[in-house]
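Biologist: Could you take me through a few features of a model, giving the general idea before the particular case?

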Amino acid sequence: MALKPFRAPAQMLFSKGLPGTGRHGRRARKPIVFDLSRLLSRAYHLTPTGIDRVEYAYAVELLNRVPDRLRFAAVHPAGGYYGRLEIGAVRQFLAFTQARWQSRGEAQRDAVRTQAIRHLFALRPRAVPVALGQRVYLQASPHHLEDGKLVRSILQTERARFVNLVHDVIPLTYPEFARPNGAVQHARRLRTIDRLADGIIANSHATLAALGPHLTDRPGRVARVAHLGCEWSDPLPPLAGKDAERPYFLCIGTIEPRKNHLLLLNVWRRLAESMGDAAPRLVLIGRRGWENENVIDLLERSVALRGHVVEQPDVDDRRLTRLLAGARAVLLPSFAEGYGMPVAEALATGVPVICSDISALREAGGDLPDYLDPLDGVGWLRTILDYARPDSPMRAAQCERMRGWAPMSWSRHMDIVLDVVEAVADQRR
């Protein structure tokens, strides 16, 4: 789950834009058709997932970089059919999406469904123009990839080559952490990618390595790693009042088994029992997911955790930024990740990170975070106790390591994506 969306300037969303610049703009030849199915399917949701944010960032970055070549298409949630989207309606929908993620309240919540229906009606698919030449179809989400026949039909209609961003292979590598039937569904997605993708972008070297055994050799197929982009703004002041009375830590992500919330809850029970009201607080940012009965039992029934662990499933971006500003650290004890966007985004805002020592998170954080084995409960307890101190030497050392560090930007990410698009477009059939 990412922490903040890529915030596009208003003029980027509403103006027609200038012709693309740089080598990709000058080489403006084959149209790029970007699939917006994921965002349309999530139009009623107030809280975005990490994949939602990635698809949004792609749409905005492409509008800025290659507006003269860009087309939008989707498998529409209203009828499940495929077609082109009017670009002006897409710009308005992106602005609506950004606004509902940034600030939420009961009045805004009540109005979202009505606004979403209006936008989805404006985005009803149009017929695909007859192709005068080859196109490149770009998709940044796994939406509808389990239906290989549908994807093949889309590519035939567009007369397009296919480039896809792969987020992870976790349901196949760790099926015990997936939703019921998740491994079967993900296997179908990867089969579609293997059979139809001319270009593959992996969000990490860890993802690309895990993807390898599921791909057959195909001459000319392009595969590149592009770490996800991370945009940040000037920090907001920390929360005041009762939210800042005690030191606190954040854990950001859906409550699901691979995120390893159980370790943190057991650590916090020990802290609460030994320190009482002096114990730091744990704030869980994220909704309850699947296969998490033990964690839910602790959250709902543990007397020791009351007042020490707080769930906040729906936090708008402004409040999250302020929560980050006052946190002692962001905690990610995950067993498996595709990349680790919360790591990069926390570091980008100047917040220390304590996370699992797994390859995907090391790609995101480099030498900055403090890394621990996700099974080392005692190690996590000791490190959290150190970070909770006002004069924490470990926290001070990480803050020093963060000086001068900058994360991957969406612009740099898109450079790699467009290089893959050009390489695929230049291939001869």
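**Reading the model**

Modeller: A search of the whole structure finds one cavity of 30 Å³ or more, where a cavity is a set of points, on a 1 Å grid over the protein atoms alone, at which a 1.4 Å probe fits but cannot get out. Grid points are joined across faces, edges and corners, and a volume is the space filled by probe spheres set on the points. This is a predicted model, in which local features need pLDDT of at least 70 and side-chain atom pairs count only at pLDDT 80 or more, while totals for chains, interfaces and linings use all residues. Residues are numbered from 1 along each chain as its sequence is written, and side-chain values use heavy atoms, with hydrogens and water left out.

Biologist: Which residues line the largest cavity?

Modeller: Rolling a probe the size of a water molecule over the atoms shows where empty space is left. Here the lining, meaning residues with an atom within 4 Å of a point, consists of Cys251, Ile252, Lys259, His261, Leu331, Leu332, Pro333 and Ser334. The elements that give two or more residues to this lining are β8 (248-252) and β11 (330-332), strands being DSSP runs of E with at least two residues and helices runs of H or I with at least four, numbered from the N terminus. About 30 Å³ of space lies in the largest cavity.

Biologist: Which strands pair with β1?

Modeller: Two strands pair if DSSP finds at least two bridges between them. Strand β1 (residues 32-35) pairs with β2 (residues 70-75) in the parallel sense over four bridges, and three bridges join β1 to β4 (residues 135-139), again running parallel. Val33 has Arg71 as its bridge partner in β2 and stands opposite Tyr137 in β4.

Biologist: Are the residues of β1 buried or exposed?

Modeller: Ile32 and Phe34 point one way from β1, Val33 and Asp35 point the other way, and all are buried, which is to say under 20% relative accessible area, with exposed meaning over 50% and partly exposed in between (1.4 Å probe, protein chains only).

Biologist: Where does Asn181 lie, and what is its phi?

Modeller: Most residues other than glycine have a negative phi, and most peptide bonds are trans. Asn181, although not a glycine, has a positive phi of about 70°; Asn181 lies in the loop between α8 (170-173) and α9 (182-196), and counts as exposed because its relative accessibility is 54%. Arg159, in the loop between α7 (148-158) and β5 (160-166), also has a positive phi, near 55°, and counts as partly exposed because its relative accessibility is 47%.

Terms used:
1 Å grid on protein atoms, 1.4 Å probe; cavity = no way out; pocket = protein on both sides within 12 Å on 5 of 7 lines; lining within 4 Å.
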